[in-house]
Amino acid sequence: MEGLQRNVSREQLAQANFRDAVVVLGYWRSGTTLLHELLCLDSRYTYPTTHACMNPHHFLFSEASALAQQGSSAQRPMDEMEVRPGSPQEDEFALLSLGARTPYEALIAPQILPEALKLTDPRDLSEGDRKRWREVFLSFLAGVSVRGAGKPVILKSPTHGARVSTLQELLPDARYILILRDPMTNFESVVRMWRKMFETYALCPIPDDDTIREAVLADRPRFEAKLASDTADLPDNRFATLTYESLVANPLGVIEQLYRRLELGDFATVRDALAAETQQRSGYRAKGQLPSEQWRDRISKEWAPILSQHANLLGT
């Protein structure tokens, strides 16, 4: 089906727009979904929908029918947020379905999570897998561009934070927005996310929570090192950082600042839609809990540089 979609749409795909993309960065459970969905309210941009990401082999044929059924919806396993066929979605799910190497391979086989998390950066893959990753990413993105009439694309996947170097090569003029949340208070939320995703998708036995905690504990420093290295030289009008707490407290003000700094267009065009959406979401409260004392001690020791850096950025 993927080959049929590619062949039938060959001329349109050749006109895909890879310029002026916006990429939301941030570790899992840092508020990337909220930021992505708010940014995608701007009709001057397009984005991968849930239908496209879950059906990447045929979405150019089937999406119109799926979006016509907007009454259908589901809840995300980790936080019960509503997801519809037309909701903005992580392109990582499409990469998994299309055969690119990705940490989401662990969704099917949870016991490989520690090793799967090392698949985030294409630079760490074999030459063949790296080439395949780039081809799959660009092919899917071309379809998203065609579906969006050539508008610039807004992407979001937590995995993108560890592959900015590759994205810079593939997406000329992309802007990057990093959203931060306190790693200590976010730790258990990430563990819960993996467990809930495993319960939904796994075909193999699910590891206990402490095994998941060990994987997250080891992964975060690797992720942060790649993110810091890859974004260090980005100019001010191509990279911005914000906190989840500031976004929740003042969504219009924070996003208006992003528009001004990153030159995303006239903010007035999208202000009313943002105001209506944030009002509708005002009753939502993110779930969270601190790790046990034992795990707090380990996090404090093994993530000391990360916690210090985030404390400075978060103003705590």
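The largest nonpolar core has 59 residues, and those with the most contacts inside it are Phe 137, Leu 171, Tyr 176, Trp 194 and Val 216. A nonpolar core is a set of buried Ala, Val, Leu, Ile, Met, Phe, Trp, Tyr and Cys residues joined through side-chain atoms within 4.5 Å; buried means under 20% relative accessible area, with a 1.4 Å probe and protein chains only. Helix H10 (residues 183-201) supplies the largest share of this core, eight residues. Apart from this core lies another, of 25 residues, among them Leu 247, Leu 262, Val 270 and Leu 274.

This is a predicted model, in which local features need pLDDT of at least 70 and side-chain atom pairs count only at pLDDT 80 or more, while totals for chains, interfaces and linings use all residues. Residues are numbered from 1 along each chain as its sequence is written, and side-chain values use heavy atoms, with hydrogens and water left out.

Helices (H or I, at least four residues) and strands (E, at least two) are DSSP runs, numbered from the N terminus. Six of the six residues of strand E5 (residues 175-180) are buried, so E5 is largely enclosed by the rest of the structure. Arg 175, Ile 177 and Ile 179 lie on one side of E5, and Tyr 176, Leu 178 and Leu 180 on the other. In a regular strand the side chains alternate between the two faces of the sheet.

| Strands joined | Bridges | Direction | A bridge pair |
|---|---|---|---|
| E1 (residues 22-25) and E5 | Four | Parallel | Leu 25 and Leu 178 |

Helix H14 (residues 268-280) has 13 residues and reaches 19 Å from its first C-alpha to its last, close to the 18 Å expected at 1.5 Å a residue, a span taken as 1.5 Å times one less than the number of residues. Its buried residues are Val 270, Leu 274, Glu 277 and Thr 278, and their cover includes helix H3 (32-39) and helix H13 (251-262). The axes of H13 and H14 come within 10 Å and cross at roughly 145 degrees; axes are lines fitted to C-alpha atoms over the stretch in contact, and angles run from 0 to 180 degrees between N-to-C directions. In contact (heavy atoms within 4.5 Å) are Pro 251, Leu 252, Ile 255, Glu 256 and Tyr 259 of H13 and Val 270, Arg 271, Leu 274, Ala 275 and Thr 278 of H14.

Note on methods:
Buried means under 20% relative accessible area, exposed over 50%, partly exposed in between (1.4 Å probe, protein chains only). Two strands pair if DSSP finds at least two bridges between them.
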